[in-house]
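Here is a short briefing to read alongside the sequence and the model. Please keep the 3D view open as you go through the points.

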Amino acid sequence: MTKEEIVNFKGRVMSFFLFSLVILLSSCATTLTRVNVSAPKDFELRNMPVDKKIPLRAALYVDPKIKTYEYVGQPIFEPGKVFLGDAITSACERTLKNVFDEVIILDSVSNEAWSGRVDVLIRAETIKMVLLNKPKKNGAFFYNVFQTSMKWNILNPQNSKLYTNVIVSEEEQKPVSCFPITTSCLEEGMRNYLLAPLREQFQKTQDEIYSSGWWKEYVAEAKETKK
Amino acid sequence: MFNDEARLNTYFGDNLLKKGVLPVYIVFENNRAKGGYVLLKEQSKFTTKVNSSIGSQDTSSTNVIGNNPADERSRSDAVATLAAAVPAALGEGATVFAGAPLVLGPAGFVVGTVIGVAISSYQANKERVFHNIEEKQMIEKAVYPGERHSGFIYFNIKEADVKNIEGIILTAKNLKNQELEQLFISLK
């Protein structure tokens, strides 16, 4: 190797390191950038229409903790927080309207607010969203899974439970790449990042509430009583 | 009943029994013609035999291994729940972690991954075990005729006492009349 070639080689190595350093520093800056966004209320759900709706009038009460829920991303890994309260409340409403004949929305859970007006009270009580890191089956790799769980209770007018369930759904998460890094890209990334697991959660919610035998028994008993 | 080390490691990533937690896998099926039931896992108990009433549902004739093995006749402390048993066994303050970055540029992805892997290696095992336990637990769910529900119930017990277990008493609530029904499952 001539002296000139050695100098060229050194120059190329130096340029490569400088380029890598710039990329690295800009990425470190990204990890420190935090965004605050709201998820849209009307985000698209993937719930399919049911063959025959549940022939009951339902009142929906969403707990205030759900209405004000926001997901706060973990430092470094998730750059920001997303207000999800409105999106979740709207998804509760749309999911139930997809399966019940009639749904009214309650602001208060007092008996006066709903008894006499509807057949059942549906309470969305808690929500928990966590990002988990799981090993793949072969144990060699890890992947990120967003686990969402919501607690539901359905009560009759006498306040007795007809149905209770904690619906747990999982959605595999892939990192969203932003390059070049812009605030709007980070905001869009965070929004989509949380809407995907919500779609999965509400599809499962619909399936679970609709496929359980609770309402068939309740409707049959109501018919018997009327006779 | 999961009291085999290899099985515990496969399912939970740790030998829980050494930490005083015995996982029991329950399949709860409603074969009645009518009525929904909820299994009340907090009221589940395991029993050991005092006299010859193996398989009896009469709890008065059985012992439940509690936190005080010296007093085998005491059964007041034997009810174990996930909330009580697991954090105590694994240490409080377990949190969720993420092992890979989310919204980053390409190089940030590399940096984040390296950091993620490093953090994972420090705190992963305890948390992973905790999450295995949490996500495999039996959740509260109404089970109507023809439906089935399953999951783990965790009992607080010393490893040495496992051999004394005769069976498990489960309590289910009838959602229609609110009555409690007890079911005995022999583990011998």
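Axes here are lines fitted to C-alpha atoms, for helices over the stretch in contact, and angles run from 0 to 180 degrees between N-to-C directions. Helices (H or I, at least four residues) and strands (E, at least two) are DSSP runs, numbered from the N terminus. The model is predicted, so local features need pLDDT of at least 70 and side-chain atom pairs count only at pLDDT 80 or more, while totals for chains, interfaces and linings use all residues. Residues are numbered from 1 along each chain as its sequence is written, chains are lettered from A and ligands numbered from 1 in the order in which they are written, and side-chain values use heavy atoms, with hydrogens and water left out.

**Two helices of chain A**

- Two packed helices are described by the angle between their axes and the distance between the axes.
- In chain A, helix 3 (residues 85–99) and helix 5 have axes that come within 10 Å and cross at roughly 35 degrees.

**Chain B**

- Chain B has 3 helices and 9 strands, running α-β-β-β-β-α-β-α-β-β-β-β from the N terminus on.
- Of its 188 residues, 49% count as buried, where buried means under 20% relative accessible area (1.4 Å probe, protein chains only).
- Among contacts in chain B between residues at least 6 apart in sequence, 62% join residues at least 24 apart.
- B:Ile133 is found in helix 3 of chain B, and B:Ile133 counts as buried because its relative accessibility is 1%.
- The C-alpha atoms of B:Ile133 and B:Ile153 are separated by 9.5 Å, with the two residues 20 apart along the chain.

Conventions
Buried < 20%, exposed > 50% of the residue type's maximum accessible area, 1.4 Å probe, protein only. Contact = heavy atoms within 4.5 Å.
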